[in-house]
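Here is a short briefing on strand pairing and core packing. Please look at the model first.

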Amino acid sequence: MLISGCGQENLNKPHKQYLSDKGWEIKKAIEAETYTLEIPNEILGNYEASGITFFDGYLGETVTEYTYELKEQDAGGKRLKAIIFESENEIIGGYGVLPSWTPGRFNLDEKQRLLEEKMIK
């Protein structure tokens with residue numbers, strides 16, 4: 001299932017609250033996709049190195065991934081994205097995407113660090 005172009009009017013309230021609790025603000029919903037979560041161990045290790053550790057308990061499970069464009073921007077002016085995962089209609093975790101940074105993924109709890117390091121504005 002893929003849903004694109006979900007605008008501001010269709011924002012999922014629990015997702016909005018989840019991100020707000022972490023200091024982020026949604027600009028617009030981009031898409032939602034449901035699939036079986038399968039991540040190779042080496043990629044899973046990369047996520048864990050970035051502080052993204054919620055995947056382990058959900059490997060092999062059906063999840064829905066929601067992508068949002070955030071109001072926050074990176075140092076180059078590109079919008080950040082947030083990816084939120086649900087299993088059985090419950091939020092299991094999420095991470096952020098910083099377009100100008102490698103590896104590009106970050107733990108959503110790291111907003112203050114990203115501000116201090118001037119990676120976002």
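Ala 29 has Tyr 68 of β3 as its bridge partner. This is a predicted model, where local features need pLDDT of at least 70, side-chain atom pairs count only at pLDDT 80 or more, and totals for chains, interfaces and linings use all residues. Residues are numbered from 1 along each chain as its sequence is written, and side-chain values use heavy atoms, with hydrogens and water left out.

**Strand pairing**
- β2 and β3 pair antiparallel over nine bridges (pairing takes at least two DSSP bridges between two strands; strands are DSSP E runs of at least two residues, helices H or I runs of at least four, numbered from the N terminus).
- β3 and β4 also pair in the antiparallel sense, over seven bridges.
- Glu 65 has Phe 85 of β4 as its bridge partner.
- Five residues lie between the strands in the hairpin of β3 and β4, where Gly 77 takes a positive phi near 90°.

**Burial**
- β3 is largely enclosed by the rest of the structure, because nine of its twelve residues are buried (under 20% relative accessible area, 1.4 Å probe, protein chains only).

**Nonpolar cores**
- The largest nonpolar core has 19 residues (a core is a set of buried Ala, Val, Leu, Ile, Met, Phe, Trp, Tyr and Cys residues joined through side-chain atoms within 4.5 Å).
- Leu 19, Trp 24 and Tyr 68 touch the most other members of this core.
- α1 (13–21), β2 (26–36), β3 (62–73) and β4 (79–87) each give two or more residues to this core.
- Another core, of twelve residues, lies apart from it and includes Leu 37, Ile 52, Phe 55 and Ile 83.
- Leaving aside neighbours within four places in sequence, Leu 19 is in contact (heavy atoms within 4.5 Å) with Trp 24, Ile 26, Tyr 68, Leu 70, Ala 82, Ile 84 and Leu 108.

Notes
Buried means under 20% relative accessible area, exposed over 50%, partly exposed in between (1.4 Å probe, protein chains only).
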